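Notebook, opened to record what I looked up in this entry. I start with packing and go on to single residues.

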Amino acid sequence: EPKPTNQLSTRLLILDVSSLALLANFSDSLRWLVAEIDAMGRGNASTGQRPKTIPGFINTRAGVSTSHTSTSTSQAPQVVNVVIRRQAKLLRSLSETCLVQLREELRLWCFTFLNEMTNTSYVHEVEFREPDTFVVELGTHLSRAYETLVCYLPSDALSYVFDSLPSLVTTLLVQSLEGIDAINNHGISKVKRDTYYLSQTFHQILETSRADAIDSSFDRVRKFYDLLNLTAPDLLSTLASSIAERSNPFSLDEVISVLTFLSPNKMLPPVTRNYLHNLFSETYLVNSGDIEGSADLLEENAERERSIIDERRS
C-alpha cells in the first residue's frame, strides 16, 4: 500500500517577502514612536511642567486628553504622564507582537518544508549529488527573508527573528527519522547533503561569530545519521564508551529513536530501554556485562523477527 502523506501546505505560509517587509517596517516604526514618547515623558517628569500637547493624542480608556483635562493645574502633568506611559506600553507591546509574528512565521516555514522528509524516499540505487528540492526552497526563502528584513530591523530585532532557526532546523532533521520508513547508504548521504546545504544557508545569513555554533549543531545531525550505519550492538558499545568519556552528543530519546529504527519490528525490548535509561543516568557506572547482555538481546530479537518473516514467506 502507498504510504499516507503527512502534508503541511505551503499555501498557508506568508512567503511573499513584501508582506514580511510591511510587518517589519510597522514594528520598527512603532519602536521609534515609543522611544519618542518615552523621551517626552522623561522630559515632563524632570521639569514638572505641563507637557507639550499632541493634538488628538487621547487615551479613550482613561477618558483623558492632553488638550483639556478636568484636573487641577498641579495634577495635570502627572495625569498626562500616566497616559503617555500607558500609550507607550500599548505601542511597545504591538511592536513586539509584530516581531513575534515574524519569528513564528519563519519557524513555521522550517516545520512545513522539512516535513517533506516524512514523505520522501531515502532508499536509492544511486547517490544524489544535489540537495532535495524542498530543502533548496527553504534555504532560498530564508535567504530572501533575511535580505529583506535586514533593511528594516535593527540588529537585536533581527537576531531575535533568526538566531533560533539553526537549532530548530537541526532538531527537525533529527526528529524526522521517526517518520522515515527505510533508508540505505545513499539515503543517508542524501540527508547529510541536505544538512550541509542548510548549514551553508545559515552561514550566509547569520553573523560570523555564530559560525562555530552552526558547524557544531549541523555536524551533530550528520553524526546522528551516521549511527544508522552501525549494528545495534556496535551502537550500544560506542554509546557506552562515549558516555564514559563524556563525549556523547546525543540525548536518550535520540538514541532510542535510532535503535528503534534499526530494530526489524520497530520496537525495543523493555530490558534494553531500561539499560539505556540507566546508562544516561549521572550515577550509572558502565558495566561491560550489561552492554553485552543488552546487545545479545537485540540480536536475538532481530533473529526471531527474521525467522518469522521467513516462515510467512514460505
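**Helix pair H6 and H7.** I looked up how H6 and H7 are set against each other and found them roughly antiparallel. On the scale I used, angles under 35 degrees are roughly parallel, over 145 roughly antiparallel, 65 to 115 roughly perpendicular and the rest oblique. H6 covers residues 185-205 and H7 covers residues 211-226; their packing angle is about 170° and their axes are 10 Å apart. Axes here are lines fitted to C-alpha atoms, for helices over the stretch in contact, with angles from 0 to 180 degrees between N-to-C directions.

I then listed the contact residues, contact meaning heavy atoms within 4.5 Å. H6 contributes Ile-188, Val-191, Lys-192, Thr-195, Tyr-196, Leu-198, Ser-199, Phe-202 and His-203, which meet Ala-211, Ile-214, Asp-215, Phe-218, Val-221, Arg-222, Tyr-225 and Asp-226 of H7. Sorted by class, this contact holds ten nonpolar, three polar and four charged residues. In that sorting Ala, Val, Leu, Ile, Met, Phe, Trp, Tyr, Cys and Pro are nonpolar, Asp, Glu, Lys and Arg are charged, and the others, Gly among them, are polar.

**Basis of the entry.** I note that this is a predicted model, in which local features need pLDDT of at least 70 and side-chain atom pairs count only at pLDDT 80 or more, while totals for chains, interfaces and linings use all residues. Residues are numbered from 1 along each chain as its sequence is written, and side-chain values use heavy atoms, with hydrogens and water left out.

**Overall.** I counted eleven helices and two strands in the chain. These are DSSP runs numbered from the N terminus, helices being H or I with at least four residues and strands E with at least two. Along the sequence the pattern reads α-β-β-α-α-α-α-α-α-α-α-α-α. Of the chain's 314 residues, 40% count as buried. Buried is under 20% relative accessible area, exposed over 50%, and partly exposed in between (1.4 Å probe, protein chains only). Among contacts with a separation of 6 or more, 79% come from residues 24 or more positions apart.

**H5 against H6.** I looked next at H5, residues 165-175, where eight of eleven residues are buried. They are Leu-165, Pro-166, Leu-168, Val-169, Thr-170, Leu-172, Leu-173 and Val-174. The axes of H5 and H6 come within 11 Å and cross at roughly 175°, so this pair, too, is roughly antiparallel. Leu-165, Pro-166, Val-169 and Leu-173 of H5 make the contact with Thr-195, Leu-198 and Phe-202 of H6. I sorted these residues as six nonpolar, one polar and no charged.

**H4.** Which residues of H4 are buried? In this helix, residues 155-162, I found Ala-157, Leu-158, Val-161 and Phe-162 buried. Viewed down the axis of H4, they fall within an arc of 120°, so they line one face of the helix. The arc is taken from the directions from the helix axis to the C-beta atoms.

**H8 residues.** I picked Leu-235, which lies in H8. Leu-235 is buried, because its relative accessible area is 2%. Leaving out residues up to four places away in sequence, Leu-235 touches Leu-227, Leu-230, Val-255, Val-258, Leu-259 and Leu-262. From Leu-235 to Val-258 I have 23 residues in sequence and 9.1 Å between C-alpha atoms. Ser-242 is also in H8 and is buried at 13%.

**Positive phi.** Most residues other than glycine have a negative phi. I noted Arg-246, which is not a glycine and has a positive phi of about 55°. Arg-246 sits in the loop between H8 (232-244) and H9 (252-262) and is exposed at 77%. I also noted Lys-266, with phi near 60°. Lys-266 is in the loop between H9 and H10 (270-280) and is partly exposed at 39%.

**Glu-96.** I placed Glu-96 in H2, residues 76-114, and at 46% relative accessibility it counts as partly exposed.

**Cysteines.** How many disulfides does a search of the whole structure find? I got zero, a disulfide being a pair of cysteine sulfur atoms within 2.5 Å. Cys-110 is buried at 0% relative accessibility, whereas Cys-151 is exposed at 60%.
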